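Colleague: I am new to this one. Please show me how to read its features, one at a time.

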Amino acid sequence: MIRITSKVDGYRRCGVLHPARPTEYPDDRFSAEELAVLQADPLLTVEVEPDRVDARTVGYLDPVGLQEMTVAQLKKLAVDMELEVPEKVTKKQLIALICKEPVMVDDEAAAGAAE
């Protein structure tokens with residue numbers, strides 16, 4: 001996320017009208033060259049923060065925990081994870097399919113699970 005605040009309300013730079021209040025833009029709103037120009041401009045305060053998705057950890061589901069689920073529950077989980085589930089699949093194959101797919105975990109949840 002990019003947050004830009006202008007020292008002069010209505011100041012134009014890189015084809016954008018910048019207000020005197022902080023305005024947020026997605027990371028891909030400006031090219032690298034435009035971002036450099038904006039950051040170098042003394043009339044603008046530019047803050048670049050990682051997207052909230054970056055505040056997550058990539059992990060994998062634990063096969064031991066999945067063993068307790070039924071085949072129907074595992075199939076639903078796989079569909080919810082947008083995985084392609086073969087028509088004829090065993091529980092063991094479903095667990096393997098699910099466990100090889102990375103999942104995003106909030107850092108706070110990951111820290112709580114580690115305790």
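Colleague: Is Glu-47 buried, partly exposed or exposed?

Modeller: Start with the cut-offs: buried means under 20% relative accessible area, exposed means over 50%, and partly exposed lies in between (1.4 Å probe, protein chains only). Glu-47 has 33% relative accessibility, so it counts as partly exposed.

Colleague: What should I know about the model itself?

Modeller: It is a predicted model: local features need pLDDT of at least 70, side-chain atom pairs count only at pLDDT 80 or more, and totals for chains, interfaces and linings use all residues. Residues are numbered from 1 along each chain as its sequence is written, and side-chain values use heavy atoms, leaving out hydrogens and water.

Colleague: In which order do the strands of the open sheet lie?

Modeller: Strands of a sheet pair through backbone hydrogen bonds, either parallel or antiparallel. Strands here are DSSP runs (E, at least two residues), and helices are too (H or I, at least four), numbered from the N terminus. Two strands pair if DSSP finds at least two bridges between them. In this model, three strands form an open sheet, ordered S4-S1-S5, with antiparallel pairing. Strand S4 (23-25) and strand S5 (44-48) are the edges, each pairing on one side only.

Colleague: How many bridges join S1 to S5?

Modeller: Five bridges join strand S1 (residues 2-6) to S5.

Colleague: Where does helix H1 lie?

Modeller: Contact means heavy atoms within 4.5 Å. Axes are lines fitted to C-alpha atoms, for helices over the stretch in contact, and angles run from 0 to 180 degrees between N-to-C directions. Helix H1 (residues 32-40) lies across S1 and S5, at about 130° to S5.

Colleague: How many salt bridges does the structure hold?

Modeller: A salt bridge is a side-chain nitrogen of Lys or Arg within 4 Å of a carboxyl oxygen of Asp or Glu. The structure holds five. One of them joins the side chains of Arg-3 and Glu-47 at 3.4 Å, N to O. These two sit 44 residues apart in the chain.

Colleague: Which residue forms a salt bridge with Arg-3 at 2.9 Å?

Modeller: Glu-49 does. Glu-49 lies in the loop between S5 and strand S6 (56-59), so the pair ties together parts 46 residues apart in sequence. Arg-3 is buried, at 17%. Glu-49 is partly exposed, at 30%.
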